[in-house]
Amino acid sequence: MSAKWEINKTRFTENIRTVIKDHPVIAVIKNNAYNFGLAFTIDCMADCGINYFSTTSLEEAIAIRKLNSDCYIFLMNPTTEFDCLRQYHIEMTLPSAEFYDQYQDELEGITVHLEFENLLHRSGFKTLESMQAFIKQYNATKSKMFIKGLWTHFGYADEFEVEDYYEERQAWLNVVQHLKTMHDFEVIHAQNSASFMREDGLLEDHTHLRLGIILFGARPYASLPLSTTEQALRISSHVIQIRHIKHGESAGYSFAYTAEKNTRLAVVAIGYGDGILRSRAQHDCLINGKRYPIKALMMSHMFVEVDDTVHPNDIVYIYHESMRIDEYTFKGVGANSEQLSALNHNTLISEVTE
């Protein structure tokens, strides 16, 4: 028995339906769909009526197209591989007027979404005025590039101790209010999972939500109830053997664990080589329905302090529906996406259950 990545397809799909309700959604499935796998995720999301997908990688956008010939695909990072965009019918962000000026002839036939930088400062037009000037230029030159969308990203929607979300939200709504009078945008999107929950739906004049982590069973901020989204993922391994360590004795490489009392240690077949973060190993795991403290993490193993009810071959859960990714996010282990993307599918056995 080896370490396992297990996903319940029915629970995963039903959760997506529950989250999105009747809202139109652009599903963010970057980084191999948060490590859930593109093919699996697209199949489940298509069953829920989602037909618009977004990623940051051109290679991944092409992979999405090969899996689904009919969906819409939005590439959030700019690329100069324009032939690929045309060949695979991929929409792309337009990050600046300078980008357009440099490549305007090559952008013929490309569908773009104008991007507003906002407080994240990652990419995009810096000001409303620069976007207004660009649209005037675009209309005057009769460009053969097609402007379909308008978008931004809220970098502070999950922050409640500062006013930055309200600031970026207001700046963005001002952009939308002015630009919609200058161009007929088919798609306007900005709201990530946190903004969606804070607003309880779509912002005015928006056509789509752009959701990521909440579709994968993790809450974007801690004050949301557990019922907001349901985790369908389990990460598990098993107890290889039980070791008895006396007070003062050490186990593992370089004194990885030193017993403060006579201790019963379970040796578990999973480690950081499988993508378990060291910060995650500062907490507990689940064996036979009970939580036990992890005492040391190595590349392929971990030590867990257990009682006499734990035996070799017992299943050990690192993540479980009662031991959720977001629980450890809010304990400071790392972002939801950080914990998910760390998981190593080259070593974990993948299993999909119904």
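Before I start: buried means under 20% relative accessible area, exposed means over 50%, and partly exposed is in between. I also jot down that this is a predicted model.

**Entry 1, Lys331 and friends.** I looked up Lys331 and got 41% relative accessibility, so it goes down as partly exposed. Its side chain meets that of Glu327 in a salt bridge, 2.9 Å from N to O. Glu327 has a relative accessible area of 18%, so I call it buried.

How many salt bridges does the structure hold? I get 19. One of them pairs Glu117 with Lys126, with the closest N and O atoms 3.0 Å apart. Glu117 is buried at 10% relative accessibility, whereas Lys126 is exposed at 59%.

Next I checked Lys295 and Glu305, whose closest N and O atoms are 3.5 Å apart in their salt bridge. Lys295 sits in strand E15 (residues 290-297) and Glu305 in strand E16 (residues 302-305), ten residues apart. Lys295 is partly exposed at 34% relative accessible area, and Glu305 is buried at 17%.

I then turned to H1 (residues 9-20) and H3 (residues 38-47), whose axes come within 9 Å and cross at roughly 50°. That angle makes H1 oblique to H3. The crossing is right-handed. On the H1 side, Lys9, Phe12, Thr13, Ile16 and Arg17 make the contact; on the H3 side, I found Phe40, Thr41, Asp43, Cys44, Met45 and Asp47. Sorted by class, the contact has five nonpolar, two polar and four charged residues.

Conventions:
Residues are numbered from 1 along each chain as its sequence is written. This is a predicted model: local features need pLDDT of at least 70, side-chain atom pairs count only at pLDDT 80 or more; totals for chains, interfaces and linings use all residues. Side-chain values use heavy atoms; hydrogens and water are left out. Axes are lines fitted to C-alpha atoms, for helices over the stretch in contact, and angles run from 0 to 180 degrees between N-to-C directions. Helices (H or I, at least four residues) and strands (E, at least two) are DSSP runs, numbered from the N terminus. Angles under 35 degrees count as roughly parallel, over 145 as roughly antiparallel, 65 to 115 as roughly perpendicular and the rest as oblique. A crossing is left-handed if the near helix is turned anticlockwise from the far one by less than a right angle, and right-handed if clockwise. Contact means heavy atoms within 4.5 Å. Ala, Val, Leu, Ile, Met, Phe, Trp, Tyr, Cys and Pro count as nonpolar, Asp, Glu, Lys and Arg as charged, and the others, Gly among them, as polar. A salt bridge is a side-chain nitrogen of Lys or Arg within 4 Å of a carboxyl oxygen of Asp or Glu. Buried means under 20% relative accessible area, exposed over 50%, partly exposed in between (1.4 Å probe, protein chains only).
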